[in-house]
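Here is a short tour to read alongside the sequence and the 3D view. Keep both open as you go.

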Amino acid sequence: MKTNCIKYIGVAILLATATMAFAKGGVIYTGELAKHVKGYSGPTPLKITVEKGKITKIEAETSKESPRYYRMAQKKVFPQYIGKTVDEAINLKPDGATGATYSSKAIIENIKLGLSNYKKSAKSTSTKKSKKRR
């Protein structure tokens with residue numbers, strides 16, 4: 001009986017910690033999640049930082065995209081997301097960079113996939129937490 005009680009307390013603490021982590025933010029890596037999303041020359045993985053429910057930073061990971069065009073797309077697309085809440089960013093219809101269309105579209109799709117997955121994970125974690133309270 002005592003062992004089961006300790007297990008339940010441990011699970012409750014773990015769920016509460018995970019929920020707080022999502023509420024506060026975290027770093028989303030889209031490499032595996034969006035490996036099927038391709039720019040002109042291949043996958044375009046990103047790291048998206050969320051703090052207090054808002055996007056604070058987006059970083060491009062190593063890619064086979066042309067550095068010149070990939071930079072153009074980043075400079076055009078990234079600022080449109082910074083400071084937005086996760087929901088605002090998911091619903092955003094940003095402008096892409098002229099001349100870097102494939103890279104822009106891939107970046108936008110990576111961001112949306114990463115944030116949608118982040119939101120789903122946060123919702124799933126909070127649902128599990130509320131079920132444990134009953």
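Are Y40 and Y102 buried or exposed? Both of them are exposed. Please keep in mind that this is a predicted model.

**The aromatic pair**

- The structure holds one aromatic pair, and it is formed by Y40 and Y102.
- Their rings sit 5.7 Å apart, centre to centre, with 55° between the planes, and the pair is tilted.
- Y40 belongs to the loop between strand 1 (25-29) and strand 2, while Y102 belongs to helix 4, so the pair ties together parts that are 62 residues apart in sequence.

**The nonpolar core**

- In soluble globular proteins, nonpolar side chains tend to be buried together.
- Here, the largest nonpolar core contains 21 residues, and I48, Y81, I111 and L115 have the most contacts inside it.
- At least two residues of this core come from each of strand 2 (46-51), strand 3 (54-60), helix 2 (67-81), helix 3 (86-91) and helix 4 (101-133).

**Helix 2**

- How far apart are the end C-alpha atoms of helix 2? They are 21 Å apart, which agrees with the 21 Å that its 15 residues should span at 1.5 Å a residue.
- Helix 2 also bends, by about 25° at Q74.
- Q74 is one of the buried residues in this helix, together with Y70, A73, V77, F78 and Y81.
- An α-helix has 3.6 residues a turn, so residues three or four places apart point the same way.
- After helix 2 comes G83, which has a positive phi near 90°.

**Two residues of helix 4**

- N110 is found in helix 4, and N110 is buried, with a relative accessible area of 0%.
- Which side chain does the side chain of N110 meet in a polar contact? The partner is the side chain of T30, at 2.8 Å.
- Beyond residues up to four places away in sequence, N110 touches T30, A34, V37, T44, P45, L46 and I48.
- K112 lies in helix 4 as well, but K112 is partly exposed, with a relative accessible area of 23%.
- The neighbours of K112, again not counting residues up to four places away in sequence, are Y81, A89, I90, N91 and L92.
- K112 and T30 are 82 residues apart in sequence, and their C-alpha atoms are 9.8 Å apart in space.

- T49 lies in strand 2 and is buried, at 11% relative accessible area.
- T49 touches G26, V27, K54, I55, T56 and K57, with residues up to four places away in sequence left out.
- K52 is found in the loop between strand 2 and strand 3, and K52 counts as exposed at 76% relative accessibility.
- Most residues other than glycine have a negative phi.
- K52 has a positive phi of about 55° although it is not a glycine.

Key: Residues numbered from 1 in each chain as written. Predicted model: local features only at pLDDT ≥ 70, side-chain atom pairs only at ≥ 80, totals over all residues. Heavy atoms only, no water. Core = buried A, V, L, I, M, F, W, Y, C linked by side-chain atoms within 4.5 Å. Buried < 20%, exposed > 50% of the residue type's maximum accessible area, 1.4 Å probe, protein only. Helix = DSSP H or I, 4+ residues; strand = E, 2+ residues; numbered from the N terminus. Phe/Tyr/Trp six-rings, centres within 6.5 Å; stacked < 30°, edge-to-face > 60°. Polar contact = N/O pair within 3.5 Å; in protein donor to acceptor, adjacent residues only side chain to side chain. Contact = heavy atoms within 4.5 Å. Expected span 1.5 Å × (residues − 1). Bend = angle between axes of the 7 residues up to and from the residue.
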